[in-house]
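Colleague: Could you walk me through this model, and show me where the names you use come from?

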Amino acid sequence: MSSAALSVAKEAAAETTPPSSAAERGGAPLANVSLEINGRTYPLALDPRTTLLDALREHVGLTGTKKGCDHGQCGACTVLVDGRRVLSCLTLALMADGESVTTIEGLAGPDGALHPMQQAFIDKDAFQCGYCTPGQIMSAVACVEEGHANTDAEIREYMSGNLCRCAAYPNIVAAINQAKHELKRA
Amino acid sequence: MDAPAKSGQPLPRLDARLKVTGGARYPSDVAVANPAYACLATSAVARGSIRAIRLDEARAVPGLLDILTYQNANEIKPINFFSKGGQAASSIMPLSAPKIWHDGQIVALVVAETFEAASEAAQKIAVDYDEEPPTATIGSPGATVNAVADVSEEHKDPGFGDADAAFAAAPVKIDAEYSTPTQHHNPMELFTTTCLWSDGKLVVHEPSQYVYGMKNGVAAQLGMDPGDVRVVSAYIGGAFGSKGSLTSRTAIVALAAKRLGRPVKLVSTRDQGFTIATYRAETRHNVKLGADRNGKLLAYSHEAFELTSRPDDYNVAGTTTTAVMYNYGAVATRVNVVHADRNTPGFMRSPPEVPYMYALESAMDELAYALQMDPVELRRINDTAKDPNPGNPRPYTSRSLMRCFDQAAAAFGWEKRSPAPRSMRDGDWLIGWGCATACYPTQIAPAAARVSLTPDGWARVQIAAHEIGTGAYTVIGQAAAERLGLELDRVKVELGDTALPPGPIAGGSNTTASATAAIVKACDAIREKLFRAAAGSNQGALAGKPIADLDLAGGRIVAGDVSEPLTAAFKYMGQAAIEEYVESVPHGLAADAMEKLYRGRVALAGGPKGEKLMFAFGAEFVEARVHARTGEIRVPRAVGAFAAGHIMNPRTAHSQLMGGMIWGISAALHEATEIDERSARYVNDNLADYLIPVNADIQTVDVIFVSETDREINPLGVKGLGELGNVGTNAAVANAVFHATGLRVRDLPIRLEKLLPSV
Ligand code: FES
Ligand code: FES
């Protein structure tokens, strides 16, 4: 986490806005935050303790991003913030104020055309229950973008923050190998 | 795709697109209007009782709505433990009394306007306990032991002949103790529950492997008509047994939602999942094998101890499987349960076979070394086509074990193995190769289903079966597509909802066999109606054709070269759709099995229970590399060959078996829940400390399908394989580690500290 992000969080947390429905019901004082998610802006009034993960799931209604531990231990909640992969359960929503967030729902084209990584996960059957999959795919997109997909060993290492209890690991590596060529061409 | 979707094709999953776009709605993803958020407070001691609960600080949290404790919410009615005719995962009823049965028992449910407020308030609940010294595990002071045969109506310890005498007389023998640790399923999805009421009716969104069980169990707990409870669980984020029976949280959340008059959503924490749900209990085994000098098994005895809670006799008793595995001369077995102050264990992927086959397959490997015999040959010498008990020589319907061994051995390169321990090396790495038998009972359950077909060539299949990641949507769709002559993308499959006809529990690897039996029956009824209409009409190309000559293909009714569109048959019938509801009760179950299914009771036929033995088999080979200086263990490759009857979809089957083998590697090297002996509390109750493989732990895992046809087991000849892949793998790894190091570790998991004597 950068110190800049921290200071943004502190400033945002200071700008609390009492008159809102939850506050009227006796909830905690709320903070205003503006999240840009998948190219759309969402103005939100949140309990300042709200994680980016819970903001996405419970306040914006984007439930593709999953909660597997809430402690930064599983990777199910991985999203991209300004292109970097980030664990949304360890990120306060306020820290993402004004930054651009990409979730699994924002990966396919507006016409519904799948991102090459999504198609590769289908082609290689890189999941079973599918619960870790949004996080795996977001991480995989970043893994290629970072230049960490050169060999199988490198992919395995840089994908080891994303647990898959169904153990689709070899197929995930195969999917990334397929997609990385298409992404390079693009 | 031109050809109709035949079962047996490696088609992509029907739900694949939803799963890669975030569109699959797992139960906690389902949007409900104006939810209140719940959090649990759980016990910090393992035994005793609550002296006082102080709620003032929690109540002062802004946004707090309600707190349920035993003092104000003890109205949930008891239901029976699942093996005693009920649906409960445990007899322990957390909010019924101040008594504490185990660490992490639910002591309160907090409801608030936001998740953040509920979390804060749950942490501010202060509980005073009257503590008693708890019993942690097998062998701890205060543990009580019962023979399973004495406490279970179902279980009889298998045995025949005089195994003691045969063992005493055997020229070559192994007598060893093995143990397996506590393991938690840790599906990636947390244990969630969302409850909504309207007009006195309850809807539960909860990941479940048995929605009809949950519906009936919750209804009984809340004193309701089951018809007023609906359970929805369309996608399940991994289960592995943990979501099979009803845990106590469901009724508590339902009660909270009723009190509040508002939907309540609980997403329990990862650590709470260790104590509010079930787990694989730790086991201890004493195995004796006696053989003649040619390797023929003269005696097998096996005594086992399994941990359970104080009130429940949960056990897996895997000797019913191991006792029919080889052609023994005599068998003696005894299974015991050990009661301690723990939450009740439950099914976890291949519940009996994982611990019991680990013990047997390790002992077989030890025997092979004692005989100076190839371990594959030892299995060949003792292969059997029937139950070795001469008093009950039931045949296997099919058993392809040695074909699995031969194909896996060839793919692995087993013939290049140098048999002596520590004889293969690559620089600083000691190399070991090991193998073991995999097996899993082939079971089938009753199922009901509804299938409809419309003239435009769309089919709809409805059955409350469960998609836990196995590919249930896909293979069920394939079965209907094949039977109705449609492409798979013309079949809409609906699962996981008690508004649908009841499907089987997603347990015992029975879903494909049970669900497709019902689907095929419904499709055949539809075919019959279409064929009668087409052949019985006095017009059209098929008029007067024998019904036996008709088939469905490409959305048409065909007879050789001639065909008619589906629309024609519908027109002759004067109908806009055909809808068939069917019930399928497998051979070997009582006549009331279907009625019991509607009431949420589980019945399974097959496996080792019937007049014939029904099992799927496999053989697994692994390479272990142990670093000679550090003891670091790696498994760079594993090969498994499996014979499981007709494979409905090789793509999803491959993923299941591959995932299973990785589970087996994990069981051998990674997984164990650590228990503090003094406090009887779980220590590593999180995903950083509870070790499961990450991507970098796994390299090559090869799956080979060994062809097998078995027409006796069920209509499509399928053997369940979701729990086949992780049986025996733990032994194969342990056997490979012995081959690498010369050190026999008989207590799983094998971590590097246990190998220090060898480095
Ligand atoms: S939910 Fe964020 S890492 Fe697990
Ligand atoms: S697909 Fe189930 S956890 Fe990865």
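Modeller: Happy to! Helices (H or I, at least four residues) and strands (E, at least two) are DSSP runs, numbered from the N terminus, and two strands pair if DSSP finds at least two bridges between them. This is a predicted model, where local features need pLDDT of at least 70, side-chain atom pairs count only at pLDDT 80 or more, and totals for chains, interfaces and linings use all residues. Residues are numbered from 1 along each chain as its sequence is written, chains are lettered from A and ligands numbered from 1 in the order written, and side-chain values use heavy atoms, without hydrogens and water.

Colleague: Why are S2 and S4 of chain A called edge strands?

Modeller: Strand S2 (40-46) and strand S4 (84-87) each pair on one side only. They belong to an open sheet of five strands with mixed pairing, in the order S2-S1-S5-S3-S4. Within it, S1 (residues 31-37) and S5 (residues 100-102) pair in the parallel sense over two bridges, and A:Ile37 partners A:Val101.

Colleague: What lies across S3, S4 and S5 of chain A?

Modeller: That is helix H5 (residues 133-145), running at about 40° to S3(A). The angle is taken between N-to-C directions, from 0 to 180 degrees, using axes fitted to C-alpha atoms, for helices over the stretch in contact (heavy atoms within 4.5 Å).

Colleague: Which residues of helix H4 of chain A are called buried?

Modeller: In H4 (residues 116-123) they are A:Met117, A:Gln118, A:Ala120, A:Phe121 and A:Ile122. Each therefore has under 20% relative accessible area (1.4 Å probe, protein chains only; exposed is over 50%, partly exposed in between). Their cover includes H5 and H7 (169-185) of chain A, together with H1 (16-21) and H17 (650-669) of chain B. Just after H4(A), A:Asp125 takes a positive phi of about 50°.
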